[in-house]
Amino acid sequence: MTYPVTFEITHVCRQSGARTGILHTPHGDVETPMFMPVGTQATVKFISPEELYEMGAGVVLANTYHLWLRPGEEVLAKAGGVQKFMNYKGPMLTDSGGFQVFSLADSRRITEEGVTFKNNLNGDRLFLSPEKSIHIQNKIGADIMMSFDECIPYPATREYAEKSMLRTLRWAERGKAANERPDEQAIFGIVQGGDNEDLRHYCAEKLVEMDFAGYAVGGTSVGEDKETMYRMVRWSQEKLPLDKPRYLMGVGAVNDLLEAVSLNIDMCDCVLPTRIARHGTLMTSQGRIAIKKAMYKEDFTPLDPECDCYTCRNYTKAYLNHLCRTNEGFGTRLMSIHNIRFLLHLMEEVRKAIKEDRYDDFKRETLARMKFDERGF
RNA sequence: GCGGCUAUGGUGAAGUUGGUUAACACACUGGAUUGUGGCUCCAGCACUCUAGGGUUCGAGUCCCUAUAGUCGCC
């Protein structure tokens, strides 16, 4: 069937097989591969939605769990949806809340019906099911909704990974049937299965039978090593149709992004750039900069001479060093802007390289040039 | 000039009746950070208690002197 969010492949790199595309959404078209900034509480911390849009952010994430607790889905519905609420002009995507159930709620109980857990703010008993997650996401109103899944830890036994994946599949079906606004909001299914080739294949095949607007790779970035993650991504996408967008959840390190593109991933999101920025770590074309270090105290050069962001165009490392040491909010803001723009720019370069059929070269040269450590930042 | 009080790391300071490894905080120096915990987390950081001397098995803790601050009186 047709969905409100569709995907169009614009070029396949003759050197690498990586692809560029356009994601068509009710809130505009965006080019892929892309990096999506995370704005959990309907804000990418310290950056205005207008600035994000001007920076070329494309899709921005919000989070079902957090918005459900505050301000509540009804407030967002009354506001006319999250985009109107926060004044973001571009497309948005909501994570289903599944991840938060497992990352920050305590004493959870998973049953076939859904998950019972404690509100991390006040201890209230809460219940989230696939239907309820989609219902809330319908109220939030983002262009793309995510299926309610279980993100299992790594490592996990094969038995648990299988049991959980089969349940996630049933939840995907239930969530899909619960969509109250199928003409305005699309759902992406999430491939799980842990570190098991057959389970990843099976999960992907079953999701494809259900026919989603796009597919995500879940259960990664949960503490596994790089090789394991890349393997899980490869297995997950091997059974997916080429003409649907593929979203790798929770990835934002430079080497991971570049590898994901090689594996035909079209979309990635991550809190990494904004989180490390708040703690004074910056990603630059020259590598990583921990701006608090004494060596930057009198460094009156820009953070990244090759960067076109607001921060790099106007301020020096010495100033950022000072703002960071004095714990000034403006510094946090300037550093957040830089790291987000850095990744958006990186993906612009990625798309350019793919279109020029030199992505493998680009990837190799970029990794060598940026000198990040094995973590990729 | 006389009298009182105080002298512990970069800073503010804990240090019981003298008893092994000098509390804590901030700062500083490292490190962490991947479907969001903004102002976070972890680690390191005074071989030494203003300087000399003395008492004692043992002194940051007691005594003397010096020095420096500080308050009060001339």
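Is S129 buried or exposed in this predicted model? With a relative accessible area of 6%, S129 is buried, and its surroundings are taken up under the next heading.

## The loop at S129

S129 belongs to the loop that runs between β9 (125-128) and α6 (130-140). A polar atom of the S129 side chain lies 3.0 Å from the backbone nitrogen of K132. Leaving aside residues up to four places away in sequence, S129 touches E113, G114, F148 and R174.

## Nonpolar cores

The largest nonpolar core holds 79 residues, and of these V82, V254, I291 and Y359 touch the most other members. The greatest contribution to this core comes from helix α14 (residues 329-355), which gives 12 residues. Apart from it lies another core, made up of 21 residues that include V5, M36, V38 and L61.

When residues up to four places away in sequence are not counted, I291 touches G280, L282, Y296, L303, K317, L320, N321, C324 and M335.

Helix α10 (residues 254-262) is largely enclosed by the rest of the structure, because 7 of its 9 residues are buried. The buried residues of α10 are V254, N255, D256, L257, L258, A260 and V261, and V254 is also among the residues of the largest nonpolar core that touch the most other members. Just after α10, N264 takes a positive phi of about 70°. Most residues other than glycine have a negative phi.

T366 is found in helix α15 (residues 359-370) and, at 3% relative accessibility, counts as buried. A polar atom of the T366 side chain lies 2.6 Å from the backbone oxygen of F362.

## The surface near RNA strand B

There are 41 residues around RNA strand B, and Q100, C151, S221, V271 and R375 come nearest. Of the atoms of RNA strand B that come within 4 Å of the protein, 58% belong to sugar and phosphate. The residues of this surface divide into 15 nonpolar, 14 polar and 12 charged. At least two of its residues are supplied by each of α5 (98-103), β14 (267-270) and α11 (272-278), and α11 gives the most, with 5 residues.

A polar backbone atom of V271, one of the residues that come nearest to the RNA, is 3.2 Å from a phosphate oxygen of RNA strand B.

## Cysteines

How many disulfides does the structure hold? The structure holds 0 disulfides. The cysteine sulfur closest to that of C270 is in C268, at 8.6 Å, which is too far for a bond; C270 itself is buried, with a relative accessible area of 9%. For C307, the closest cysteine sulfur is in C309, and the separation of 3.6 Å is again too far for a bond, since a disulfide is counted where the two sulfur atoms are within 2.5 Å. C307 counts as buried, at 13% relative accessibility.

## Backbone features

Most peptide bonds are trans. A cis peptide bond, with omega of about -5°, joins T32 and P33, and P33 is placed in the loop between β3 (28-32) and β4 (34-37). The peptide bond from Y154 to P155 is likewise cis, with omega near 0°, and P155 is placed in the loop between β10 (144-146) and α7 (158-178).

Positive phi values also occur at S221 and K371, neither of which is glycine. For S221, which lies in the loop between β12 (214-217) and α9 (226-237), phi is near 55°; this residue counts as partly exposed, at 33% relative accessibility, and is among the residues that come nearest to RNA strand B. For K371, which lies in the segment after α15, phi is near 50°, and the residue counts as exposed, at 65% relative accessibility.

Definitions and conventions: Residues numbered from 1 in each chain as written. Chains lettered and ligands numbered in written order. Predicted model: local features only at pLDDT ≥ 70, side-chain atom pairs only at ≥ 80, totals over all residues. Heavy atoms only, no water. Core = buried A, V, L, I, M, F, W, Y, C linked by side-chain atoms within 4.5 Å. Buried < 20%, exposed > 50% of the residue type's maximum accessible area, 1.4 Å probe, protein only. Helix = DSSP H or I, 4+ residues; strand = E, 2+ residues; numbered from the N terminus. Contact = heavy atoms within 4.5 Å. Near = heavy atom within 4 Å. Polar contact = N/O pair within 3.5 Å; in protein donor to acceptor, adjacent residues only side chain to side chain. Nonpolar A, V, L, I, M, F, W, Y, C, P; charged D, E, K, R; others polar.
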